[in-house]
Amino acid sequence: MMYRVLTIAVGGLALAACSSSSDFMDALKPSPLMDSVRFESEPPGAEAKASNGQSCRTPCALALPISGPLTVTFTLNGYQPESETIEPVTATGSPTQFRPNPVTVELTPAAPQPAKKMAPKKKAAPKAGAKSAAKPAARAAPAPAPGASTAAPAPQSAPWPANAPR
């Protein structure tokens, strides 16, 4: 009787182990090797973004997985972006680490943007049916007919009154 109970208990545990999720198996896998890499920039405050998506503001450090080379891009308003590649290096007797470490960049100021010229504002056309407050413009004298004498030009009216008070 005791052997039956023991057999059933062991069988139940075996079935439970087979039906468990893969989270249990994932916990048994080794985690990827990590290395802490320091990032510095001149001027400080630039965003350092690694090609794996991690980012921070300089000066800072990130723990990066050592799975291959990574590209780190530094950006800061008013400066040209800079990129650096870090590569895993294995030395005899020591764990794999990224090089260079620390990663230091000097950002170059961006060229100033030329000022945009403002286009002159256009006057709005009067609405249909609305009375215009503008005075009619003075008309120029008609051109003389061909063959007519052009001894003296016709007097033109001035844009201001002739008898203006002073």
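In this predicted model, Gly 68 touches Pro 88 and Phe 98, residues up to four places away in sequence being left out of the count. Gly 68 lies in the loop between strand 4 and strand 5. Its relative accessible area is 14%, under the 20% limit, so Gly 68 counts as buried. Gly 68 and Phe 98 are separated by 30 residues in sequence, yet their C-alpha atoms are 9.2 Å apart.

Phe 98 also belongs to the largest nonpolar core. This core has 18 residues. Val 37, Phe 39, Leu 64, Val 72, Phe 74, Ile 86 and Phe 98 touch the most other members.

Phe 39 is buried, at 0% relative accessible area. Phe 74 is buried too, with a relative accessibility of 0%.

Val 72 is another core residue among those that touch the most other members. With neighbours within four places in sequence set aside, Val 72 contacts Phe 39, Ala 48, Lys 49, Ala 50, Glu 82, Ser 83, Glu 84 and Ile 86. One of these contacts, Glu 84, is the bridge partner of Val 72 in strand 6.

Strand 5 (residues 70-75) and strand 6 (residues 82-89) run antiparallel and share 5 bridges. The two strands form a hairpin, with 6 residues between them. In the turn, Gly 78 has a positive phi of about 90 degrees. Strand 6 is also joined to strand 7 (residues 97-99) by 3 bridges, again in the antiparallel sense. Here Glu 87 has Arg 99 of strand 7 as its bridge partner.

Three strands form an open sheet in the order 4-1-8, with mixed pairing. Strand 4 and strand 8 each have a single partner strand and stand at the edges, so one side of each lacks a neighbour in the sheet. On average, neighbouring strands of this sheet are turned by 25 degrees against each other, direction ignored. Strand 1 and strand 4 are antiparallel and pair over 6 bridges. Within this pairing, Asp 35 has Leu 64 of strand 4 as its bridge partner. Leu 64 is also among the core residues that touch the most other members.

The model contains 1 disulfide. This disulfide joins Cys 56 to Cys 60, with an S to S distance of 1.9 Å. The link is right-handed, with 50 degrees about the S-S bond. Cys 56 has a relative accessibility of 15% and therefore counts as buried. Cys 60 is buried as well, with a relative accessible area of 9%.

Note on methods:
Residues numbered from 1 in each chain as written. Predicted model: local features only at pLDDT ≥ 70, side-chain atom pairs only at ≥ 80, totals over all residues. Heavy atoms only, no water. Pairing = 2+ DSSP bridges. Helix = DSSP H or I, 4+ residues; strand = E, 2+ residues; numbered from the N terminus. Disulfide = S-S within 2.5 Å. Buried < 20%, exposed > 50% of the residue type's maximum accessible area, 1.4 Å probe, protein only. Core = buried A, V, L, I, M, F, W, Y, C linked by side-chain atoms within 4.5 Å. Contact = heavy atoms within 4.5 Å. Axes fitted to C-alpha atoms, helices over the stretch in contact; angles between N-to-C directions.
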